[in-house]
Amino acid sequence: MVCRRCPLLHQKVQMNLSQLLCFIYILGLTSAKTYPPPCVMGDESIMRKKAHGTSETPVQEKLKWGVDRKIADRICNFNRHYAE
């Protein structure tokens, strides 16, 4: 595959089908909300408001590698957008 529309002009780019589908989706060339396997799409109710942000409970007490619990909790339970 030769890329003729990006800064890497005429450079050969090798990618498998799933990488190509991800690339197409990222560029917004499709409006369908589909992702290549192993991704599985859920509906918006997964992220609805719950007892503790988007979860029923906060993160566990003891975290590995000295991770700050408040930061981990904010990222995991109160980060509705851009969490990917």
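Modeller: In this predicted model, a residue is called buried when its relative accessible area is under 20%, exposed when it is over 50%, and partly exposed in between.

Biologist: Is P36 buried or exposed?

Modeller: P36 is found in the loop between α1 (17-26) and α2. Its relative accessibility is 8%. Because the limit for burial is under 20%, P36 counts as buried.

Biologist: Which residues is P36 in contact with, leaving aside its neighbours within four places in sequence?

Modeller: P36 and L20 are 16 residues apart along the chain, and their C-alpha atoms are separated by 9.4 Å. Once the neighbours within four places in sequence are left aside, the contacts of P36 are S18, L21 and C22.

Biologist: What is the value of phi for W65?

Modeller: W65 also has its place in the loop between α1 and α2. With a relative accessibility of 79%, W65 counts as exposed. W65 is a residue other than glycine, yet its phi is positive, near 55°.

Biologist: Where is N77 found, and what is its relative accessible area?

Modeller: N77 is found in helix α2, which spans residues 69-77. N77 is buried, since its relative accessible area is 5%.

Biologist: Which side chain does N77 join through a polar contact?

Modeller: Leaving aside neighbours within four places in sequence, N77 is in contact with H52, G53, T54, S55, T57, P58 and V59. A polar contact of 2.5 Å links the side chain of N77 to that of D73.

Biologist: Why do the buried residues of α2 lie on the same side of the helix?

Modeller: The buried residues of α2 are A72, D73 and N77. They lie on the same side of α2 because the arc they cover around the axis is only 100°.

Biologist: Which exposed residues does the face of α2 turned away from its buried side carry?

Modeller: The buried side is that of A72, D73 and N77. On the face turned away from it, the exposed residues are K70 and R74.

Biologist: Which residue caps the N-terminal end of α2?

Modeller: The cap involves the backbone nitrogen of K70, from which a side-chain oxygen lies 3.0 Å away. That oxygen belongs to the capping residue, D68.

Biologist: Which residue forms a salt bridge with R69, and how far apart are the closest N and O atoms?

Modeller: Side chains of opposite charge can pair when their charged atoms come close. R69 is partly exposed, with a relative accessible area of 30%, whereas E61 counts as exposed at 61%. The count of salt bridges comes to one. The partner of R69 is E61, and the closest N and O atoms are 3.4 Å apart.

Biologist: How many disulfides does the structure hold?

Modeller: C39 counts as partly exposed at 49% relative accessibility, and C76 likewise counts as partly exposed at 49%. A disulfide requires a pair of cysteine sulfur atoms within 2.5 Å. The number of disulfides in the structure is zero.

Note on methods
Residues numbered from 1 in each chain as written. Predicted model: local features only at pLDDT ≥ 70, side-chain atom pairs only at ≥ 80, totals over all residues. Heavy atoms only, no water. Helix = DSSP H or I, 4+ residues; strand = E, 2+ residues; numbered from the N terminus. Buried < 20%, exposed > 50% of the residue type's maximum accessible area, 1.4 Å probe, protein only. Polar contact = N/O pair within 3.5 Å; in protein donor to acceptor, adjacent residues only side chain to side chain. Contact = heavy atoms within 4.5 Å. Arc of directions from axis to C-beta. Salt bridge = Lys/Arg side-chain N within 4 Å of Asp/Glu carboxyl O.
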